[in-house]
Amino acid sequence: MQKKIISFRNDILPLKNVLYRLALRITLQHEDAEDIVQDTLMKVWNRRDDWHQIDNIEAYALTIARHLALDKVKRADSNKVFVDAADVSETARVNNPYDRIIDSDRLQLVRKLMSELPEKQRSCMQLRDFEGKSYREIANVMEISEEQVKVNIFRARQSIKQKFKEAEEYGL
């Protein structure tokens with residue numbers, strides 16, 4: 001079986017948005033996420049002579065980005081900063097301004113709850129729910145088993161659901 005010839009322009013460069021979203025979910029810093037994407041693309045480019053040996057270039061690039069992001073977080077020992085509401089896609093439009101405010105507050109709460117998740121849960125959920133990756137792809141990127149991916153996603157969703165319900169019932 002012949003391996004696909006990989007093109008930086010056609011196969012790797014289009015991954016920059018996926019890499020950015022993953023890095024942003026881990027670091028919670030826009031500038032750091034941009035730096036990580038750039039570093040990831042440089043590392044992938046520097047390994048161009050070995051591309052023919054890589055089974056899945058997307059998983060390879062995501063793994064590099066994840067490791068760089070985790071390293072950045074460990075080095076920075078940063079305080080968590082939440083993603084701005086304006087930087088993430090808006091909720092569905094509703095006609096009533098009151099409903100829009102409620103939706104906006106709920107979206108901010110979900111983002112806050114997601115940013116408070118442990119890194120593995122947050123990354124697994126990001127890759128599955130926002131990037132649409134399969135359990136196998138996530139397992140390759142995260143370097144864990146598919147069962148661990150499923151458990152992390154389940155726990156993340158349960159945690160967000162429970163905390164969201166508490167906030168809705170009792171207020172913030």
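This is a predicted model: local features need pLDDT of at least 70, side-chain atom pairs count only at pLDDT 80 or more; totals for chains, interfaces and linings use all residues.
Here is a walk through some helices, residues and salt bridges of this structure.

Residues are numbered from 1 along each chain as its sequence is written, and side-chain values use heavy atoms, with hydrogens and water left out.

Let's begin with a pair of helices. Two packed helices are described by the angle between their axes and the distance between the axes. Helix α3 spans residues 30-46, and its partner α4 covers residues 57-76; helices here are DSSP runs of H or I with at least four residues, strands are runs of E with at least two, and both are numbered from the N terminus. The axes of α3 and α4 come within 9 Å and cross at roughly 135°. Such axes are lines fitted to C-alpha atoms, for helices over the stretch in contact, and the angles run from 0 to 180 degrees between N-to-C directions. The two helices are therefore oblique to each other, the word for angles left over once those under 35 degrees (roughly parallel), over 145 (roughly antiparallel) and 65 to 115 (roughly perpendicular) are set aside.

Which residues make this contact? On the α3 side they are D32, D35, I36, D39, T40, K43 and V44, and on the α4 side I57, Y60, A61, I64, A65, L68, A69 and K72; contact means heavy atoms within 4.5 Å. By type, they divide into nine nonpolar, one polar and five charged. In this scheme Ala, Val, Leu, Ile, Met, Phe, Trp, Tyr, Cys and Pro are nonpolar, Asp, Glu, Lys and Arg are charged, and the others, Gly among them, are polar.

Now to the charged pairs. Side chains of opposite charge can pair when their charged atoms come close. The whole structure holds nine salt bridges, each a side-chain nitrogen of Lys or Arg within 4 Å of a carboxyl oxygen of Asp or Glu. One of them joins E58 and K133 at 2.0 Å, N to O. E58 belongs to helix α4 and K133 to the loop between α6 and α7, so the pair ties together parts that are 75 residues apart in sequence. K133 is buried, at 10% relative accessible area; buried means under 20%, exposed over 50% and partly exposed in between, with a 1.4 Å probe and protein chains only.

E119 is buried at 18%, and R66 is buried at 5%. A further salt bridge pairs R47 with D50, whose closest N and O atoms are 2.9 Å apart. R47 is partly exposed at 36%, and D50 is partly exposed at 24%.

Helix α6, residues 119-130, also contains Q121. Is Q121 buried or exposed? At 12% relative accessibility, Q121 counts as buried. Not counting residues up to four places away in sequence, Q121 touches N152, R155 and A156. Leaving aside neighbours within four places in sequence, S123 is in contact with L22, I26 and M142.

Our last stop is K161 in helix α8, residues 146-170. K161 is exposed, with a relative accessible area of 57%. K161 and L113 are 48 residues apart in sequence and 9.3 Å apart in space, C-alpha to C-alpha.
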